[in-house]
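Here is a briefing on a structure with its sequence alongside. Please read the points below with both in view.

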Amino acid sequence: MPTMSLLRVQGLNKAYGAIRATESVSFEVRPGEIYGLLGPNGAGKTTTISMISGLLKPDAGEVFVDGVAFWSDPRRAKRIMGVVPQELAIYEELSGRENLEFWGRMAGLSRQEARARTTELLEALSLADRAADAVKTYSGGMKRRINLGCALLHRPQLLLLDEPTVGIDPQARLNILEFIRKLRGSGTAILYTTHYLEEAETLCQRIGIIDKGRLLAEGTLSELQERLGGDRVFVLEADFTATKPDSWDDFHQRFRIIQKADHQLVVAAVGKRDPAECLKELLGLPVRVENVMLKRPSLNDVFLQLTGRDLRE
Amino acid sequence: MLGVLLAKDLRRARRNPLPWLINIIVPLAMTALIGLVFGRSNDETLGRIRFAVVDEDRSALADLLRGSANQQSGAKYLEPMFLEREEALRLINANEISAVLIIPTNFMRNYLMGSEAVGLELIKNPAESVHPAVLEELLGALVTALNAISRNFAGEFPEVRRIVDEGTSPHELALLAERVGNKLSAAKAFVNPPLISYEKNRSNQTQEDSQTKTGKGGTPAKSKNSNAASLFAFLLIGLCAMFLLFLANNAMTDLHREIRIRTFERYQTLHDQLWPFILSKVVFAVVVLSLGAAIMLGGGGLIFGIGWRQPVPLMVLTFGYTCFVAAFFAVTVALVPDERRAGVLNNIAGMALGLAGGCAFPARQLPVFLRDHVTPWLPSFWYVQAARDVQFGNGDAKWGLATFELGITAAILIGLAAVLFRNKFRSGVRP
């Protein structure tokens, strides 16, 4: 029997005038799972998180937190979840400890509880030695960690993380990702939005790909790779300006084009086929192939196949 | 929760005191500046005006003018020095006197003959602003009076001139006085009641009288409610009301900041009700505004020698007003969360509320439509009206009602701000 989801999002719609920010977005997050919402800037990730956290009211659709519709009891839902906004929503004049204690009190902890939990979190976030310093003196990575910590004081069962590693150096990012893994280990359900492919690939158990407000695909990494016809794609380098793949006989029956450029063609085999046989067919194409590479399909390839454009564009 | 929110703001203010210090320093500076310009001298009025009179005519009329400056009210406010022209000019150049009044040769003769234009010369000290202006006004009044006499008693002037030149018998002098008296009696119906009258405030006068009577050592006690102080009390209340609007606008920019740094949004992820957050901002602003008001009213009172008749009702009333102005600007923040755009709107709104509320000018002098249909609905008017009534004698019952109305309005505005914010955020407006 599948575990009951802690967060279930059903057909969320939101429009700002003529612009549709999200369109029928549906997914669910289970306890102890990190669900990645992957998409480029402006895809609708923040809007989705804002609707889940109650900052925005959806035009249509419903959010269920621990089985209860959010808007039927927002207070209960807010007690269960912790939200880490993309921007640093902290007081720079206050120290790290003061920030954490304040948000702990806001989350309903007593003074003693907030103090004890703050000490615990400062240790966990490796900020204990700078706890008394004003946040404005912190590095970008440290500020991000405090921003994350402020949502954890009340031990939320569901954590919404909106691009928590934006704008920080790789080392600081690794620290935060490691901390999030530990949180997952403690059973917290995490919704993690990002536009970094590597983060989604390495951190998330399931991934939803969102673009232009629509959830295009979701599943585990291997399930998404499966959509491309297996765990391999072929990268052909040749001059495709003179001859077009569309004009080749049976090509579309045998291969699915993932990306097409003047000098590069990325394709996946249709169906389960022997890679050696595929390679032979590709070398037999009516074009002078300069190089062929075989690689595991990345999330970017999935995104490319779904949207026709690179996630990094 | 309110305590936690306030403690947080207090810590922030301690770490970054400049914006809040400005709110305290500005009223201090304003009060000090006004005090320097209009402040009292030792006798708690505008001070005695030192000026020189150069009498080059040495006639009876010139003696009369000289004498009038030394008599009764004139002696109270004026300090004339009778000097030669050179000495008078030396003193004004040395910035020791406010002005020089020159009575030219043949002033009386020409005035009584009416044959040619008569002039008095006033040289003002350019380094001073108020005292020379007061002297100029007084001289204007004197000239108007002399003109009026000249027009109405031109028929008697030849005889007066003869009496002055040659001397006369008491009988002729009595006949002349009788004729002048008859003319005045005939004009009485047109002169009395006068078109413009001046009446001293009765309660102040009574208080003043009693203080004067109880003064020790035969010298009059200090008049705490002198006319000048009354005028300044009237002005200071309006000025304070205007200034609190400006300070509240400043103080509530912290709410803009909370929106900008997304902490207000973060608060919403934890709480469904927004009013506690807004209330905490209003309370913090009210504390700062109360300090500002205390500086303005207390400091201003000291500088101008104003004795606040009922300090406690005035304080309570002012507290109610600070609640209103802070809540008012919480609403304007909710209406226009963008700080730059809100700055313009808030300045206009504050200015309009102050001017239309009778803070800068007496409400009865406002345009009729405004005065009759707008001003009575403005809380700024409730405040200045009630505060002036408290100070000038007939507001014993009104201040309580006005405070209650201001408090209720503030509560409604806080609720309104919370609703506006909630709607704005839920519809996705992110400044």
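Helix α1 (residues 45-52) of chain A lies across β1 (7-16), β2 and β4 of chain A. This helix runs at about 120 degrees to β1(A). Axes are lines fitted to C-alpha atoms, for helices over the stretch in contact, and angles run from 0 to 180 degrees between N-to-C directions. Helices (H or I, at least four residues) and strands (E, at least two) are DSSP runs, numbered from the N terminus. The model is predicted: local features need pLDDT of at least 70, side-chain atom pairs count only at pLDDT 80 or more, and totals for chains, interfaces and linings use all residues. Residues are numbered from 1 along each chain as its sequence is written, while chains are lettered from A and ligands numbered from 1 in the order in which they are written.

**Sheet in chain A**

- Four strands of chain A form an open sheet in the order β2-β1-β4-β5, with antiparallel pairing.
- The edges are β2 (19-29) and β5 (68-69) of chain A, each of which pairs on one side only.
- Strands count as paired if DSSP finds at least two bridges between them.
- Strand β4 (residues 60-65) of chain A is joined to β5(A) by two bridges, and the two run antiparallel.
- A:F64 stands opposite A:A69 in β5(A).

- A:D66 is not a glycine, yet has a positive phi of about 55 degrees.
- A:D66 sits in the loop between β4 and β5 of chain A.
- A:D66 is partly exposed, because 18 other C-beta atoms lie within 10 Å.
- B:N106 is not a glycine either, and has a positive phi of about 65 degrees.
- The loop between β3 (99-103) and α6 (107-113) of chain B holds B:N106.
- B:N106 has 13 C-beta neighbours inside 10 Å, so B:N106 counts as partly exposed.
- A residue is buried if 20 or more other C-beta atoms lie within 10 Å of its own, exposed if 12 or fewer, and partly exposed in between; C-beta atoms are placed from the backbone.

**Chain B overall**

- Chain B has 19 helices and four strands.
- Of its 431 residues, 33% count as buried.
- Among contacts in chain B with a separation of 6 or more, 76% join residues 24 or more positions apart.
- Contact requires C-beta atoms, placed from the backbone, to lie within 7 Å.

**Where the chains meet**

- Chain A brings 21 residues to the contact and chain B brings 19 residues.
- On the side of chain A that touches chain B, α2 (74-80) and α3 (96-106) of chain A each supply at least two residues.
- α3(A) gives the most to that side, with four residues.

Note on methods: Contact = placed C-beta atoms within 7 Å.
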